[in-house]
Amino acid sequence: MPRLDTSCEFFSDNRPMPPPVDFSDSCIRRVSYLEEVNRASLQALQLVLEMGRQGTSLNRIDNPRTILAEFHDKIHQLIPWKAAAFYLMDEQTSVLNMALCRPMESAPHLSAVFDLLVEDRTMSLALHDESHTFVEVDGCEVLMHALNTITRCRGFFLGIPMDSRKSIPDTSLAIFSIMMQSAAQTLESYELYRLIRRVNSALEEKVEHLEEEMADRMRAEAEREKLQGQLLQAQKMESLGILAGGVAHDFNNLLQIMGGKIEVLLHTNPGGDFEAKHLRTVSKSIDRATALVRQLLVFGSKTEPQMQHIDLGQELKEIAGMLEGTIPASIRVELGIQNDTWSVSADPVQIEQIILNLTKNAVDAMPAGGRLAVETHNVTLDEEFVRSHMGAKPGRYVLLTVADTGVGIEPEVLRHVFDPFFTTKEVGKGTGLGLASVYGIVKAHGGYIQCASQRGQGTIFSVYLPVADQGREAKCDEPRKAISKGGNETILVVDDEPEIRELTLEALESFGYVVQCAASGEQALDVYQRDGKFIDLVLLDLSMPGMGGCECLQALLRLDPSAKVLIISGNAAKCQSKDLLLSGAKGFLGKPYHLRDLEAKVSEVLG
Ligand SMILES: Nc1ncnc2c1ncn2[C@@H]1O[C@H](COP(=O)(O)OP(=O)(O)OP(=O)(O)O)[C@@H](O)[C@H]1O
Ligand SMILES: [Mg+2]
């Protein structure tokens, strides 16, 4: 009951009192009605506020029925219902299907009412109405409302209120209408939200796919660049090898002539001690030049490795023993030799050269000490490895690694480490031929070498040597025959270079042999055809214009299968000495040689 406060100033002055308030029943009813309307309006506003919030929380909704359930709860606070149902419009068929009914048991009754309303076309009118519609069905009041957005119908509401139409305030009905529109809008937003989410995840998938594709492409590009680099490197090494090998071959011949002449002079000693002293100095310089040229020949794969089946682990142990004492104490040496290392077909002298060069470089890279690890492992290179390592071939290998914890190599330097004469060491400390010869040796052995390094961290060289082919073993450890002094046998010297011919002739004559000369393969065949029965040995140079040594050897053997031929060449790789021996030559001597080596070899072949 509303009360009047008379303590306020309005009533305290002396103005005449207003007429007494009429507290009749109708007035009281009016006030309580207004209070009720006010409460309903506040409640309705509260509901509208909550609806606004609902729109922002679509992401937690996984089903449109959840939206309808929430709206049902809210309209139930606004207008209590005996039964209420929401229908959703099927987008494909435009059929309205019941999606939610409260209480559940009233679903058949409401469905029957729904069918009746469809039949008498009330439904189709209500669907186009933006407001609510009251109808009476079988004596009970039914409230309908379409769930329409601006563009389309999303569903329908059908309910039987608890109270009669007259006792439902107009504000509640107006708010109910707003809520139905809001429900339609929320359903629309939910649909859009789902669509955006679908498009979004499709886009995300595409972006992911694109990212993967990009990463794949970048990987392929990096791989292509790496292979391109390897190809360029291989081509560069090939050209350098040809150049160095060619120059070294010619130098070899010149050194052979100079060395030979000086040996003859020293032998005959025409000028006395003074000249002999100078000749010995020149001879030493020639020896040093010869050693350099030999390394270049190795780099250009122009020397013939003396292959044997060797146990790399065993070789390594022996060389490590030899190195003891030469490596500073500040460097810790670790040997890791795998048990049962497969045997490789290799030249032990050249293998020693590889290990010595790599360990010396490692020691030089650790002036303040560090760790040097030398290991052997059995490995099998597969197609995948070969694809990303140009020049490698698939198969079984023994891997020799030499790793240090030294200064490392800058990428710019790394590109050149195998180049002949490339060195970062002070003048006189390095020739830059160490790794070039390692490279040449590995290549001549059919192997593969790679280097990985990180500045300040260290360097690792990996040398892959192919496993020996058991069927083609050729042990080269036959005992050497004793050298006998030359007799009066006749030797045919075949060489296109007049100085070498002359030098060899002089030397052989000084050893007591009878010598004939030929300047080409063709000429040699003529001489042999004519005087073959008197010729005990042919000294045949391999690299000659025209017929060439290999062809001449075959022709000589066709003329006389028992002919003794000793091959002489600085370029053995062109025609493998082993193959030459197999094809009938009796021996092989590499240039440049000392005359004493020539004497020994000739005497050995003549037996
Ligand atoms: N383990 C290593 N750590 C750091 N740098 C190295 C290593 N091995 C080689 N290098 C670099 O490669 C260059 C070439 O090496 P290489 O063995 O061919 O010649 P060198 O050692 O300089 O001279 P030489 O071997 O004739 O005495 C070296 O000068 C050095 O810069
Ligand atoms: Mg070196």
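1. In which sense do strands β10 and β12 pair, and over how many bridges? In this predicted model, β10 (residues 395–404) and β12 pair in the antiparallel sense, over eight bridges.

2. Strand β11 (residues 448–454) runs antiparallel to β12, and seven bridges join the two. Here C451 has F461 in β12 as its bridge partner. The β11–β12 hairpin has three residues between the strands, and G456 takes a positive phi near 80°.

3. Strand β12 spans residues 458–466 and is mostly covered. Seven of its nine residues are buried.

4. Now the charges. The whole structure holds 21 salt bridges. In one of them, R154 meets E188, with the closest N and O atoms 3.0 Å apart. R154 lies in strand β5 (residues 153–161) and E188 in helix α5, 34 residues apart. Both residues are buried.

5. R154 also forms a salt bridge with E191, at 3.9 Å from N to O. E191 is in helix α5, 37 residues from R154. E191 counts as partly exposed because its relative accessibility is 29%. A network of salt bridges links E91, R152, R154, E188 and E191.

6. R371 and E334 meet in another salt bridge (3.0 Å, N to O). This pair links strand β9 (residues 370–381), which holds R371, to strand β7 (residues 331–337), which holds E334.

7. Look next at helix α5 (residues 170–268), where E208 sits. E204, E205, E208, E211 and E212 form a negative surface patch. E208 is partly exposed, because its relative accessibility is 49%.

Note on methods. Residues are numbered from 1 along each chain as its sequence is written. Chains are lettered from A and ligands numbered from 1 in the order in which they are written. This is a predicted model: local features need pLDDT of at least 70, side-chain atom pairs count only at pLDDT 80 or more; totals for chains, interfaces and linings use all residues. Side-chain values use heavy atoms; hydrogens and water are left out. Buried means under 20% relative accessible area, exposed over 50%, partly exposed in between (1.4 Å probe, protein chains only). Helices (H or I, at least four residues) and strands (E, at least two) are DSSP runs, numbered from the N terminus. Two strands pair if DSSP finds at least two bridges between them. Patches are made of residues with over 30% relative accessible area and no salt bridge: like charges are joined within 9 Å, nonpolar side chains (Val, Leu, Ile, Met, Phe, Trp, Tyr) within 5 Å. Accessible areas come from the Shrake-Rupley method with a 1.4 Å probe; for residues, only the protein chains shown count as cover. A salt bridge is a side-chain nitrogen of Lys or Arg within 4 Å of a carboxyl oxygen of Asp or Glu. Lys and Arg count as positive and Asp and Glu as negative; His and the chain ends are not counted. The place of a charge is taken as NZ of Lys, CZ of Arg, CG of Asp or CD of Glu.
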